[in-house]
Amino acid sequence: MVTTSRFHILGAGAIGCLLAHHLRQANYPVTLLLRNSESLLRFGSANSITITPTFSKQSGVQPIKTKGVEAEIVDSKETLSKIEHLIVTTKTYDTSLALSKVKERLTSNSTVTFLQNGMGVYEEILNKFYGKADQSEIPKFILGTTTHGCFRTEPFQVTHAGFGRLLLGAVDPAQRNTSQVQQTMKAFSQLDLEVQADQPFEVLRAKLLEKLVVNACINPLTATLGCKNGILLENEHSINLLKDTCYEASQIIQAEVGKTVTNLSYENLEKSVFEVCNATLDNKSSMLQDVSAKRKSEIDYINGYLVRLADSHNLPSPINRMWTQLIKAKTK
């Protein structure tokens, strides 16, 4: 039996396709919002999303094809229906432009879930599109973070290489019990992705900040050295760079949230950085992939976000500022 709540997904990359697959497995209607007519034609040819789960390490893993996913062009000139539940999985720097194309389809009864790398997109969207809006015009925002590892091999074909978990929480605690937010949380809770839905925002924010620091340490260093994550552990100089970046980041985070949040102490953050490095020895960070392909990176929403936080607290941030400028210089 198909439910009535339709999910639109903005960003048909690895995470977007993974969520579309699992939402369809849970019998939710899903629509991918695609960039242009060429993407729509490619999707029409495939007529499915293919997920290959390799995280189990079992031999002979078979790809799983999911049919029944719909698609439309994000800036279609046709009169389109309002969006009930929007999931945003675009690159951080593409979010503002992409969301501008569907903003008129969002209402105060819509939920918008951001599931991306880095931090700062929610604040950017709120200021740009809803800075002067009445509360009755603003959608209900949800933030999420995931440790699932997946990558796209072809358009609409994804390898799910690392099984992790997915955490979600409403930004506004007063909206946690609204029917719209509860519908979104119920849907995510039914996905076979180790979902922890409806997290208190302070818990979720701590996880977002922890992941931010891990990415701020690993991503620019691998992108600069042109190496996989595990190589960082083979050299005392790269290990020291990880530690120095982590220490500076921890000082910035503690100025923002206070030193009483013990799981964001330098010791715990450093432990997380090295645990992730050890768990992803053969991985190429997304920033390394972007730099190698001469694509724009998400540095402004990772190390750049830490620099902006530091500035707001009148703290120096020479290491994170250096990483931000260096990666921008490499991708210019």
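Start by selecting residues 303-312, helix α10, together with residues 318-331, helix α11: the two pack at an angle of about 140°, and their axes are 8 Å apart. That angle makes α10 oblique to α11. Keep in mind that you're looking at a predicted model. The crossing of α10 and α11 is left-handed.

Now show side chains at that contact. From α10, pick N303, G304, L306, V307 and D311; what they meet in α11 is N320, R321, W323 and T324. Colour the contact residues by type and you get 3 nonpolar, 4 polar and 2 charged.

How much of residues 205-330 is helix, and how much is strand? The span is 69% helix and 0% strand, and its end C-alpha atoms lie 30 Å apart.

For strands, go elsewhere. Select the open sheet of 8 strands and read across it: β5-β2-β1-β6-β7-β8-β11-β12, with mixed pairing. The edges are β5 (70-73) and β12 (195-196), each of which pairs on one side only.

Helix α1 (residues 14-25) lies across β1 (7-10), β2 (30-34), β6 (85-88), β7 (111-115), β8 (140-146) and β11, and it runs at about 165° to β1. Helix α4 (residues 121-130) lies across β7 and β8, running at about 160° to β8.

Which strands does α1 lie across here? They are β3, β4, β9 and β10 (157-162), and α1 runs at about 95° to β3.

Those strands form an open sheet of 4, in the order β4-β3-β10-β9, with mixed pairing. β4 (64-66) and β9 (149-154) are at the edges with a single partner strand each, so one side of each has no neighbour in the sheet. From one strand to the next, the twist averages 25°.

Strand β3 (residues 49-53) and β4 run antiparallel, joined by 3 bridges.

Definitions and conventions
Residues numbered from 1 in each chain as written. Predicted model: local features only at pLDDT ≥ 70, side-chain atom pairs only at ≥ 80, totals over all residues. Heavy atoms only, no water. Axes fitted to C-alpha atoms, helices over the stretch in contact; angles between N-to-C directions. Parallel < 35°, antiparallel > 145°, perpendicular 65-115°, else oblique. Left-handed = near helix turned anticlockwise from the far one by under 90°. Contact = heavy atoms within 4.5 Å. Nonpolar A, V, L, I, M, F, W, Y, C, P; charged D, E, K, R; others polar. Pairing = 2+ DSSP bridges.
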